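This report describes selected features of a structure, with attention to strand pairing and charged side chains. The sequence and the model are shown below.

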Amino acid sequence: MSRRVVRQSKFRHVFGQAAKADQTYEDIRVSKVTWDSSFCAVNPKFLAIIVEAGGGGAFIVLTLAKTGRVDKNYPLVTGHTAPVLDIDWCPHNDNVIASASDDTTIMVWQIPDYTPVRNITEPIITLEGHSKRVGIITWHPTARNVLLSAGGDNLIIIWNVGTGEVLLSLDDMHPDVIHSVCWNSNGSLLATTCKDKTLRIIDPRKGQVVAERFAAHEGMRPMRAVFTRQGHIFTTGFTRMSQRELGLWDPNHFEEPVALQEMDTSNGVLLPFYDPDSSIVYLCGKGDSSIRYFEITDEPPFVHYLNTFSSKEPQRGMGFMPKRGLDVSKCEIARFYKLHERKCEPIIMTVPRKSDLFQDDLYPDTPGPEPALEADEWMSGQDAEPVLISLRDGYVPPKHRELRVTKRNILDVRPPSGPSRSQSASDAPLSQQHTLETLLQEIKALREQVQAQEQRITALENMLCELVDGTD
């Protein structure tokens, strides 16, 4: 009788656990927009969630420690004139977030470390270049201030947020709606999926499709694709019979999949969250009540099922914490922020270990908050892998850092002649003006509150005097 050999893997026993009730975020009106984005973005400092908002689009930003019931008057980030469809934190500045909206614009926001008194309504910069709604945004993994957006006009634009300029515009590549866009680890290539059922690998600086595969998944429903650490492409999609399936592809040999597995029958699009440090991919279906996870290796069948985290409530969206935001002392290898209808619930994935020592094998050096390149270096053709940091002593987020925006004069590109004059207040960087204005607004608002309280106290004192006089 042959014995079945169990595959060796340190991730075989990964288990998920929902946070306790007092660690959830309650009373949040999660957006009801029918768009297949995750509606949630998280980093080591903040949790951002797209919410329902009357007369425009908004999202809420909470510090991670602010668990429990959220005040219904808690300040929002509002500025879009139509629903927000996607949000993404800058990987190189934990206080900067970009939002994309149905109103065709992208806005970049500076979030203060303190809780603002009123709604944040002034973005650092508004990027306008799409003619239809913008449903996808994603930051470049290694170059500072480089942001990609994809819109309903089938157009991908790559921006320099530091100057507000369009670096690249990729049109005529997608004949239909773009469903997903993903950078590879050093930001030299893009993987895109489109309604025309084609999976494309694009070199954005050359403006070329370097490889493509038609009908990676034969169904008509949306596909998703992410790059793996080995340079393969992991995809989720549907069969012709509307069964969900996952695939692994080698871009150099697109004719045949490395692996293709059918999963189940369900309508929800599977959102893949890939962790390159452990080579685990987590699949979260919108409307599902489970998270499935798989390990990708070099041995057949290449995509190995590990386990499923199940709960009772379906998920409306999901946030995925970067590795530097995890608690290494508890052997935490992933943390999700699951959106319900009225709350957000952290789900923690851990590898059980008996030792309290730092587990080197679980935590290789991981991308840190420092960019490896400037935007113009990347545009000139340079590539660089992410700047790595060790998590041995845990990660402490840096203090508040300003995003400086310097808009260039497009009309006059001549170099300035004559001696440079000293910078006047009006020439100060936009971000500095923005900070001064914000502080002045905060001070003014607090003064108004104090004045109102003083008037109230005076009125109460007068009433008290009248009552005393009346009893006499």
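A residue is called buried when its relative accessible area is under 20%, exposed when it is over 50%, and partly exposed in between, using a 1.4 Å probe and protein chains only. The model is predicted: local features need pLDDT of at least 70, side-chain atom pairs count only at pLDDT 80 or more, and totals for chains, interfaces and linings use all residues. Residues are numbered from 1 along each chain as its sequence is written, and side-chain values use heavy atoms, with hydrogens and water left out.

Residues 77–119 are 0% helix and 51% strand, with end C-alpha atoms 6 Å apart. For residues 127–169 the values are 0% helix and 56% strand, and the end C-alpha atoms lie 13 Å apart. Helices (H or I, at least four residues) and strands (E, at least two) are DSSP runs numbered from the N terminus.

Four strands form an open sheet in the order β8-β9-β10-β11, with antiparallel pairing; two strands pair if DSSP finds at least two bridges between them. Its edge strands, β8 (84–89) and β11 (125–128), each pair on one side only. Strand β10 (residues 105–110) is joined to β11 by four bridges in the antiparallel sense, and Met 107 has Thr 126 of β11 as its bridge partner.

**Salt bridges**

The whole structure contains 19 salt bridges, each defined as a side-chain nitrogen of Lys or Arg within 4 Å of a carboxyl oxygen of Asp or Glu. Three of them are tabulated here.

| Pair | N to O distance |
|---|---|
| Glu 374 and Arg 144 | 3.0 Å |
| Asp 383 and Arg 205 | 2.7 Å |
| Asp 264 and Arg 292 | 2.6 Å |

Glu 374 lies in the loop between β31 (366–367) and α1 (375–379) and Arg 144 in the loop between β12 (134–139) and β13 (146–151), so this pair ties together parts 230 residues apart in sequence. Glu 374 is partly exposed, with a relative accessible area of 32%.

Arg 292 is buried, at a relative accessible area of 15%. A network of salt bridges links Arg 244, Asp 264, Asp 288 and Arg 292.
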